[in-house]
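I opened this one up for a first look around. My notes follow, in the order I looked things up.

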Amino acid sequence: MTLIQKFLGASAVLALSAGAALADPAIIFDLGGKFDKSFNEAAFNGAQRWATETGGTFAETELQSDAQREQALRRFAEAGNNPIVMAGFSFATALTDVAADYPDTKFEIIDMVVDAPNVTSVVFNEHEGSYLVGLMAGMASKSGTVGFVGGMDIPLIRKFGCGYAQGVMAANPNAKVIANMTGTTPAAWNDPVKGSELTLAQISQGADVVYAAAGGTGVGVLQTAADKGILSIGVDSNQNYMHPGQVLTSMMKRVDNAVYEAFKAGDALVPGINVMGVANGGVSVAMDDNNKALITPEMQAAVDAASAAIADGSLVVHDYTTDETCPALTF
Amino acid sequence: MTDILTLLDATLRLSTPLLLACLAGLFSERAGIFDIGLEGKMLVAAFLSAAFAAMTGNVWIGLLAGIGGSLILSAIHGLASITFRGNQLISGVAINFLASGITVLMAQAWFQQGGRTPSLTGNGRFDAITLPFANALAGVPVIGPIYSEVISGQTILVYVALAFVPLSWWVLFQTRFGLRLRAVGENPAAVDTAGVSVVGLRFAAVAICGVLCGVAGAYLSTGLQAGFVKEMTAGRGYIALAALIFAKWRPWYALYACLLFGFLQAFALRPDLIERWLHFKVQTQLLDVMPYILTIIILAGFVGKAIPPRAGGEPYVKER
């Protein structure tokens with residue numbers, strides 16, 4: 001055995017033992033950033049909750065560009081982190097390649113389905129949650145016109161818009177839903193100026209409730225809605241506190257629960273598709289002190305009734321991503 | 001009619017940051033310093049003005065801080081491309097990267113709100129001002145509504161931006177400083193022969209560029225918005241560069257180009273109007289790329305010719 005081979009062998013042993021010691025879970029945040037007050041932050045909160053409850057530690061990284069996805073995945077897998085959770089649909093391509101190379105590592109991808117024996121796919125029924133907030137918007141609107149501001153124009157965001165429009169129509173069949181997308185590039189997630197302008201444009205068309213599903217762009221939407229005295233609806237995390245009394249509600253995706261459960265399961269994470277909907281508390285509407293004054297008893301009753309109906313299957317909200325059409329809205 | 005007014009209103013709001021950045025680039029490029037770091041300077045200014053406005057509660061201190069931050073980046077660009085004769089494009093790209101990273105880093109360190117500043121309230125924001133006679137003139141046909149609804153009721157920075165157009169024209173084309181500044185972008189050797197400092201003039205131009213970018217950034221975060229969000233400039237610095245080429249490096253044309261680009265952006269917000277007026281559906285994406293398409297058409301020489309300052313992009317080396 002040459003010297004080099006010895007060195008290589010020694011370093012391989014070291015790497016293996018290091019990997020065995022480091023079975024900490026890991027989480028990779030998407031381009032929106034860990035503290036986006038929305039999707040990624042919810043994921044971070046879930047991981048944080050696991051850490052405080054169990055006293056464990058986890059590895060994390062925030063991506064700066066699309067090119068880093070596979071690199072970050074491989075680095076965590078090489079380091080022996082298990083399970084590795086990815087917050088965001090954009091990881092699908094990278095994960096498909098990486099998952100096959102590390103059969104002993106468990107992966108969890110949120111918002112996307114990747115079919116591999118060691119991957120758990122968590123998908124949310126955003127259309128159901130959006131239906132509920134749409135129901136409230138339809139009841140809260142006095143003008144009968146409500147708005148929707150999406151971020152990047154992708155099927156997932158259309159799914160939000162479509163569920164929302166169905167909810168609005170259920171509350172008020174004569175209502176008009178104005179839907180705008182901010183853009184077609186990732187810059188659309190961080191353009192509050194355009195979010196504001198879209199909100200103003202919708203207000204000038206008569207909208208008095210606006211639902212923002214647009215990441216950082218939504219900050220501008222909520223701000224303008226508050227400035228102009230109309231109601232807005234937040235997304236992903238509970239955003240009611242941002243303008244107390246002026247945010248009708250928030251459509252919460254319990255990404256935190258998904259991450260928490262995955263971290264808790266650890267190596268025993270069950271592969272497959274995990275659908276989080278209204279029935280199992282995966283999506284819900286935010287009710288707290290900040291929006292209490294805005295919620296009428298009728299609204300609460302309607303939301304409760306619709307939630308129960310969705311949970312027991314008697315009400316089916318159409319999912320845009322299944323057939324790329326929407327009965328209540330044309331994009 | 002109200003639709004047209006709201007459209008023009010949005011046009012003016014969206015044109016303002018483009019116009020300020022475009023004039024900033026105009027001064028810099030007329031002096032022979034290409035600046036693709038407009039985006040980065042605006043971003044830093046947007047962050048610092050929102051941060052200082054949030055901390056002091058005074059938007060004017062915020063504006064000064066924004067201009068200061070933008071000037072620091074200008075100084076870096078000047079140092080790299082004038083003093084050390086580096087590549088101006090690379091320096092500009094570096095400034096954009098630096099701004100993109102440092103704003104989020106500082107925002108997180110100062111406010112712990114995930115790379116954004118707290119929401120600004122009260123005196124922390126630029127309020128809309130009502131111009132004199134706006135209410136009295138509102139009844140006058142055509143001019144009245146345009147004056148009271150579109151021109152009046154903007155924040156003060158909009159009027160500052162508009163005032164910079166004649167001011168820039170006057171400085172560049174009516175003063176000795178302006179003549180020298182333009183000469184330094186065309187033929188720096190001649191300016192040097194006349195005994196005028198090429199380095200000094202170029203630094204002055206880059207500093208003016210910094211001030212204008214500072215105002216543009218402050219307008220984004222404290223005029224249009226109530227706080228900073230990461231990457232909130234969203235490519236406006238690049239559209240301003242396109243407008244600069246479209247305007248063939250002239251102040252009045254810069255105003256027209258920015259108003260046109262702003263109008264295209266505002267029009268893209270209202271697909272319903274497009275459909276009602278044109279009777280067919282236009283993809284809003286098409287309107288979004290129009291500034292770039294128009295710029296390419298101009299650059300390709302189909303409509304007039306865009307000739308950049310001759311010494312643009314080249315560091316000046318004194319003959320020995």
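Predicted model: local features only at pLDDT ≥ 70, side-chain atom pairs only at ≥ 80, totals over all residues.

Started with B:Gln283, which sits in the loop between helix H13 (271–278) and helix H14 (284–299) of chain B. Helices here are DSSP runs of H or I, at least four residues, and strands are runs of E, at least two, numbered from the N terminus.

Residues are numbered from 1 along each chain as its sequence is written, while chains are lettered from A and ligands numbered from 1 in the order in which they are written.

Is B:Gln283 buried or exposed? I get exposed, because B:Gln283 has 12 C-beta neighbours inside 10 Å. The cut-offs: buried is 20 or more other C-beta atoms within 10 Å, exposed is 12 or fewer, partly exposed is in between, with C-beta atoms placed from the backbone.

Next, the chain pair. I found 26 residues of chain A in contact with 22 of chain B (contact: C-beta atoms, placed from the backbone, within 7 Å). On the chain A side, strand S7 (176–183), helix H7 (192–204) and helix H8 (217–227) each give two or more residues. H7(A) has the largest share, nine residues.

Conventions
Contact = placed C-beta atoms within 7 Å.
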